[in-house]
Amino acid sequence: MVTKAELGLIGDAELVEELSLLTTQTARMRARMADIMAELERRRCGKNVRSGMRR
């Protein structure tokens, strides 16, 4: 990870490469978050269905 102080010392190509890396990481993190949220929702809905069957 590049610190703010180092940004002035790095060339344009390196900055673009760093930005590309961060963009890719962000996309992966968002996809992972969506997967986790979907799994939590699936579990929550599954618990409601099971608890409704017991009544």
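This is a predicted model: local features need pLDDT of at least 70, side-chain atom pairs count only at pLDDT 80 or more; totals for chains, interfaces and linings use all residues.
Student: Starting simple, how many helices and strands are in the protein chain?
Tutor: The protein chain has two helices and zero strands. Helix H1 covers residues 4-7, and helix H2 covers residues 12-54.

Student: What share of the residues counts as buried?
Tutor: Of the 55 residues in the protein chain, 2% count as buried.

Student: OK, salt bridges. How many are there?
Tutor: The count comes to three. As background, side chains of opposite charge can pair when their charged atoms come close.

Student: Which residue pairs with Arg 42?
Tutor: Glu 39 does, and the N to O distance in that salt bridge is 2.5 Å. Both residues sit in helix H2, three residues apart, so about one helical turn separates Glu 39 from Arg 42.

Student: What about Arg 43, which partner does that one have?
Tutor: Arg 43 also forms a salt bridge with Glu 39, with the closest N and O atoms 2.8 Å apart. Arg 43 and Glu 39 are four residues apart in helix H2, so the separation is again about one helical turn.

Student: Is Arg 42 buried or exposed?
Tutor: Arg 42 is exposed, because its relative accessible area of 52% is over the 50% cut-off. Glu 39 has a value of 28%, so Glu 39 is partly exposed.

Student: Where does the remaining salt bridge sit?
Tutor: That one joins the side chains of Glu 41 and Arg 44, at 2.7 Å from N to O. Glu 41 and Arg 44 both lie in helix H2, three residues apart, which is about one turn of the helix.

Student: How accessible are Glu 41 and Arg 44?
Tutor: Glu 41 has a relative accessible area of 36% and is partly exposed. Arg 44 counts as partly exposed too, at 45%.

Student: Which residues are joined into one network by shared partners?
Tutor: Glu 39, Arg 42 and Arg 43 are, through salt bridges that share partners.

Student: Switching topic. Where is Val 2?
Tutor: Val 2 lies in the segment before helix H1. The residue is partly exposed, with a relative accessible area of 24%.

Student: What does Val 2 touch, leaving out residues up to four places away in sequence?
Tutor: Val 2 touches Leu 7, Ile 10 and Glu 18.

Student: And how far is Val 2 from Leu 15?
Tutor: In sequence, Val 2 and Leu 15 are 13 residues apart, while in space the C-alpha to C-alpha distance is 9.1 Å.

Methods: Residues are numbered from 1 along each chain as its sequence is written. Side-chain values use heavy atoms; hydrogens and water are left out. Buried means under 20% relative accessible area, exposed over 50%, partly exposed in between (1.4 Å probe, protein chains only). Contact means heavy atoms within 4.5 Å. A salt bridge is a side-chain nitrogen of Lys or Arg within 4 Å of a carboxyl oxygen of Asp or Glu.
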